[in-house]
Amino acid sequence: MTHVAIIGGGPGGYEAALVARRLGAEVTLVERDGVGGSTVLTDCVPSKTLIATSDLLTEVGSAAELGVEVPSTVRADLASVNARVLRLAAAQSHDIEERLVSAGCRVLRGEGRVEAPGRVVITTPEGEETLDADGILLATGAHPRVSEDARPDGERILTWEQVYGLQEIPEHMIVVGSGVTGAEFASAYTGLGAQVTLVSSRDRVLPGEDPDAANLIENVFTRRGMTVMGNSRMAAVAREGDRVTVTLTDGRTLEGSHCLLALGSIPNTADLGLEAAGVGLDDGGFVHVDKVSRTSVPGIYAAGDCTGVLMLASVAAQQGRIAMAHLLGDTVNPLRLAHVSSNIFTSPEIAAVGISQKQIEERGMLVDTTILPLAANPRAKMQGVHDGFVKLFARQGTGTVVGGVVVGPRASELIHPVSLAVSAQLTADHVAEAFTVYPSMSGSVAEAARRLHRLL
């Protein structure tokens with residue numbers, strides 16, 4: 001029987017373990033902090049649970065437009081919200097571990113390191129164990145990047161893993177970093193009722209995302225009272241009592257009650273014995289992998305944030321599944337990043353799939369583009385939705401849908417028909433001819449596709 005050792009129990013690790021068991025392998029999975037990893041315990045699941053409360057308050061705030069009167073004192077009890085966040089995260093972790101154990105996986109709480117190709121040393125509270133394995137999967141994730149001039153204290157200066165200890169809504173939250181994590185938390189705390197200042201080192205928020213979507217979100221942020229400081233770079237953060245001061249590189253200072261650092265991630269690849277084993281790493285410490293999750297060492301695979309390929313839970317899970325299929329001789333389809341759909345959980349959400357506008361411009365692709373505001377959608381009018389759009393890209397000549405962006409409430413759900421079109425290489429006409437419910441938000445996807453027909 002093939003023995004697989006998995007270091008890390010996040011989506012890349014636990015999904016790989018389940019596939020390996022279905023294919024008949026013996027599986028040992030070791031996880032340091034709890035099954036589900038940071039995705040379940042400190043990152044994706046907790047943050048989206050917090051955002052769900054924020055979104056509800058945002059909807060309540062616009063209830064008057066729909067003819068509903070609500071008390072002006074409606075607010076969140078952050079202590080209760082965060083208790084729920086942590087409770088749900090722990091429950092999800094428990095459910096995943098039960099599923100692994102039921103599938104026949106051996107799950108250990110501890111740390112693993114690669115002693116040599118085919119050999120893993122596992123350290124648990126009970127002692128040390130050396131395990132010989134036919135295949136090794138690294139799924140160790142990443143942790144928040146911090147600065148020597150901005151050291152988190154877990155109380156007033158925080159990383160995104162530490163915010164769930166807050167008992168009261170911050171009076172003034174300064175968010176440093178306007179990428180996905182920074183934008184999501186800035187949006188969430190604005191919805192919860194905090195004064196928020198977002199410090200962006202670039203000229204706009206979400207600099208790596210679709211420009212139309214980023215500009216819309218920034219306009220929504222400022223309209224809702226957020227202060228967005230573009231072209232501003234943090235130099236240091238200091239705390240004095242219950243106040244924090246953020247000093248910018250140009251000498252300006254910002255004072256608030258809390259500071260959230262969203263400065264990116266560092267892979268958890270140190271002290272794993274990877275260099276000694278010959279596993280190739282890049283300058284940032286991320287593991288080099290190919291499209292079937294192989295590292296530079298035969299029999300050693302890697303999945304998830306430690307690879308830096310695309311730091312999404314869905315990608316981590318797929319990398320893990322692909323790794324086990326390849327290792328164990330099952331049918332395998334290499335990872336295709338052009339088919340990955342992603343979502344930013346701001347309010348409104350931003351979802352995207354396929355080729356981006358930036359990639360189209362860089363590659364000189366001949367593509368027709370249409371953008372349809374959601375405000376014209378009848379269901380959006382009924383629900384009081386004013387912000388958002390559907391944007392589709394189709395190849396000139398063939399009409400094949402190669403990408404799209406949806407901005408709006410629950411864009412994470414609305415992107416699915418576009419994702420199907422991209423992965424199945426459907427044309428805009430195929431999307432346009434599929435029936436949608438009237439009235440529905442998804443009707444805007446079909447209408448955008450119909451507008452592309454006139455361009456083809």
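Residues are classed here by relative accessible area, with buried meaning under 20%, exposed over 50% and partly exposed in between, for a 1.4 Å probe and protein chains only. The structure is a predicted model, in which local features need pLDDT of at least 70 and side-chain atom pairs count only at pLDDT 80 or more, whereas totals for chains, interfaces and linings use all residues. Residues are numbered from 1 along each chain as its sequence is written, and side-chain values use heavy atoms, with hydrogens and water left out.

Helices (H or I, at least four residues) and strands (E, at least two) are DSSP runs numbered from the N terminus, and two strands are taken to pair if DSSP finds at least two bridges between them. On this basis, 5 strands form an open sheet with parallel pairing, in the order β3-β2-β1-β7-β18. The edges of this sheet are β3 (106-109) and β18 (300-302), each of which pairs on one side only. Neighbouring strands of the sheet are turned by 20° against each other on average, direction ignored; axes are lines fitted to C-alpha atoms, for helices over the stretch in contact, and angles run from 0 to 180 degrees between N-to-C directions. Strand β2 (residues 26-31) runs parallel to β3 and is joined to β3 by 4 bridges, with Leu29 standing opposite Val107 in β3.

Helix α1 (residues 11-22) lies across β1 (3-7), β2 and β7 (135-138), and runs at about 165° to β2. Helix α8 (residues 313-327) lies across β1, β7 and β18, and runs at about 170° to β7.

Helix α4 (residues 78-102) has 25 residues and reaches 36 Å from its first C-alpha to its last, close to the 36 Å expected at 1.5 Å a residue, where the expected span is 1.5 Å times one less than the number of residues. Its buried residues are Leu78, Val81, Asn82, Val85, Ala89, Ser93, Ile96 and Leu100. An α-helix has 3.6 residues a turn, so residues three or four places apart point the same way. The cover over the buried residues of α4 includes α1, β2, α2 (37-41), α3 (44-61), β3 and α5 (180-192). Just after α4, Gly104 takes a positive phi of about 100°.

Nonpolar cores were also identified, each being a set of buried Ala, Val, Leu, Ile, Met, Phe, Trp, Tyr and Cys residues joined through side-chain atoms within 4.5 Å. The largest such core has 38 residues, and Leu50 and Tyr189 are those with the most contacts inside it. Two or more residues are given to this core by each of α3, α4, β10 (172-176), α5, β11 (195-199), α6 (211-223) and β23 (401-408), and the largest share, 6 residues, comes from α6. With residues up to four places away in sequence not counted, Tyr189 touches Leu50, Val163, Leu166, Pro170, Met173, Ala194 and Val196. A second, separate core of 25 residues includes Leu372, Ala411, Met441 and Ala448.

The structure holds 19 salt bridges, a salt bridge being a side-chain nitrogen of Lys or Arg within 4 Å of a carboxyl oxygen of Asp or Glu. In one of these, Asp132 pairs with Arg119, the closest N and O atoms being 2.9 Å apart. This pair links distant parts of the chain, with Asp132 in strand β6 (residues 127-132) and Arg119 in strand β5 (residues 119-124), 13 residues apart. Asp132 is partly exposed because its relative accessibility is 48%, and Arg119 is partly exposed at 36%. Glu115, Arg119 and Asp132 are linked in a network of salt bridges.

Arg239 forms a salt bridge with Asp153, again with the closest N and O atoms 2.9 Å apart. Because Arg239 lies in strand β13 (residues 234-240) and Asp153 in the loop between β8 (142-144) and β9 (157-159), the pair ties together parts that are 86 residues apart in sequence. Arg239 counts as partly exposed at 36% relative accessibility, and Asp153 is partly exposed with a relative accessible area of 33%. A further salt bridge joins the side chains of Arg252 and Asp250 (2.7 Å, N to O).

Strand β19 (residues 341-344) runs antiparallel to strand β20 (residues 349-354) and is joined to β20 by 4 bridges, and the hairpin between β19 and β20 passes through 4 residues. Ser341 stands opposite Val353 in β20. Ser419, in helix α12 (residues 416-423), touches His339, Ser341 and Val353, not counting residues up to four places away in sequence. Ser419 is buried, because its relative accessible area is 13%.

Methods
Contact = heavy atoms within 4.5 Å.
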